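Subject: Aromatic rings to look at

Hi,

Here is the structure I promised to pass on. Have a look at it first, then read my notes on its aromatic rings below.

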Amino acid sequence: MRIPSVLLACSLAVSAVAQKPSTAPPSVAEAKAFLDRANAALLKAATDGSHAEWLAETYINEDSEATTALLNEQGSKLSLDLIEESHRFDKLTLPAEMRRQMMLLQVGAPAAPHDPKLLAEETRLAASLTGAYGKGRYCPPKPEIPQNSPSILKALFNCMSVDDVDTFMAQSRDAAELTRVWVGWHSVGAPMRKDYERFIELQNIGAKEQGYKDTGDLWRAGYDMTPAQFSAEVNRAWAQLEPLYRELHTYVRHRLIAKYGVAADRKDGMIPAQLLGNTWAQEWGNIYDIVSPTDPKLAQFKPVNLEQALKKQIEANDKVGLKPNTNGTIYFGADCENGVSTRGAHTGPCFKPGSDELQASRLAAAKDMVKYGESFFTSLGFMPLPKTFWERSQFVHPRDRDVVCHASAWDVDQVDDLRVKMCIEVNDDYFTTVHHELGHNFYQRAYNQQPMIFRSGANDGFHEAIGDAIALSITPSYLKQIGLTDSEPPAEADIPLQLRTALDKIAFLPFALALDTWRWQVFSGEIKPADYNKAWWQLREKYQGVAPPVNRSEADFDPGAKMHVPSNVPYVRYFLARIYQFQFYKAMCDASGYKGPLNRCSFYGSKAAGDKLNAMLMAGQSQPWQQTLKTMTGSDHLDAGPMMEYFAPLYNWLKQQNAAAK
């Protein structure tokens, strides 16, 4: 889940923006004129760049990659020229708003070399690496299959996209098959390795030309504090949360050993990565069936079967599901027999794979999913999404081309051309993802009256946290309000529900920290190219307690199998967001007047909560994030306290379970 970079491209001739430096002392009026020009140029650049990037991710081919690379190159040149010109005003006393724009312009620059040849090389590599990931497939060896075999059997040996792999890793409970598919997908990274090494070199050249030690230093400079202060802020928050994570890890490991035996029982105490229900072992919610409480008093309480409820309410009897009929042809629909769906009093057609009817039905169901998220925001007082959102977004995977399915939110014109790019299925994961991505869109629209330089989140962690704070309100109370469940469970059901949530929210934290720690050390040179993969797994083991299912070597490049590495998207924002979202959530629960255990709060329908949220969103990046956070929550720092409050019942329960298991 990410927002595409907006300062990537520009169709303007740079000479139309950059001005010849003057030898006379600068004035405030000149600084204002410069910022006006910069904001206008960056707005045009962002719009043109977003159009190109949208094309590159929804029509992956050599031409779209080349176009994106060219516009990225022009945009990087524009940013570098503007930064160079901005330094003319460094010693000038400016009004606070203007000084902040100057500062953000300088720290928000791409790590790109000034040399035109190196810049062209870097942007070409960036487009190529992103495209390589988007086209990545795992193609298992195909055995001889008799011609008269059912189609469903043949389909098992088709090449697998990352979405296919995700589904398999979530659903399979065969340790050997999980290992096979895990290894197969991670092989997509190896061909990227040399290009990535060179890409890092070029990024660091650009960062050093701007006065930073390396690109990691540049990335951490954009948080209204020094890079060292930022690293300390992150580590302090992790120290608050690590004890809860260690209890969760211990509990999950014991349950996996009970399920898989020797395949899960490593002597070093690590958990094999392929057994955690996720391609990257970053979130573990898909293995809830394995680790759910066994105490009969708790086991009776099951999380709402949201997928089933969604399919029923979306009226998807003829839209989703798959069942082969008697002759082996796969039809889509519920209870299919010979191409006809029958359920209750309804009778209708089942759709063959690849049919226009099937694609149309998937699109309709996907839009219905998005409407749930939109209705949450409108219940808080926000205006509905524009008509163009429904016309221009990618909601499902097209049948005719490769696309990047990784969910993302877009504001193409930086005003109201809002879009999402997803390949939605009707299930609980996508239900949450929809709320997350729309959080970006409503944030983007809220700050669209700010100067272009301020049209961003208070920091990038804020942007990721908004939708997730909303998604925390997907409680049984909320699901009952919108008709997806008939009743709310009693208080004693909190442990199963909290465990399911923690498997995603808590388990994710050390993965995010390990990923960007690896990248920061790659940028700094602490990790040498010869040790890329070795260091990757050392950090995964240190923070997550997770290990690969088979021995890995430097012939592999496992970081490349995670989209954010080849696409060069900073990842610590997601760590921040996991913590900020609980701070925002608590603030909105308090504003709504809710009284009770934090984990049972839903502020759906609360205009007071919406007003508090909107005030924060409208500020964009116009002031230090600490000030924005304090206005929203009363705290001016990253604070895991609300997160620990939310999970307090589970934390105590996990400690009891682990003590009993010794």
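First, a definition: a charge counts as sitting over a ring if NZ of Lys or CZ of Arg is within 6 Å of the ring centre and within 35 degrees of the ring normal. Keep in mind too that this is a predicted model.

With that rule in hand, go to Arg-578: its charged end sits over the ring of Phe-508, 4.0 Å from the ring's centre. You'll find another case at Arg-220, where the charged end lies over the ring of Trp-520, 4.6 Å from its centre.

Now for rings that pair with other rings. Rings of Phe, Tyr and Trp pair if their centres lie within 6.5 Å. By this rule the count is 42 aromatic pairs. One of them is Tyr-196 with Trp-518, a stacked pair with 6.1 Å centre to centre and 20 degrees between the planes. This pair ties together distant parts of the chain: Tyr-196 belongs to helix H8 (residues 193–209) and Trp-518 to helix H19 (residues 494–524), 322 residues apart. Are these two buried or exposed? Both Tyr-196 and Trp-518 are buried.

Cheers

Terms used. Residues are numbered from 1 along each chain as its sequence is written. This is a predicted model: local features need pLDDT of at least 70, side-chain atom pairs count only at pLDDT 80 or more; totals for chains, interfaces and linings use all residues. Side-chain values use heavy atoms; hydrogens and water are left out. Rings of Phe, Tyr and Trp (its six-membered ring) pair if their centres lie within 6.5 Å; planes under 30 degrees apart count as stacked, over 60 as edge-to-face and the rest as tilted. Helices (H or I, at least four residues) and strands (E, at least two) are DSSP runs, numbered from the N terminus. Buried means under 20% relative accessible area, exposed over 50%, partly exposed in between (1.4 Å probe, protein chains only).
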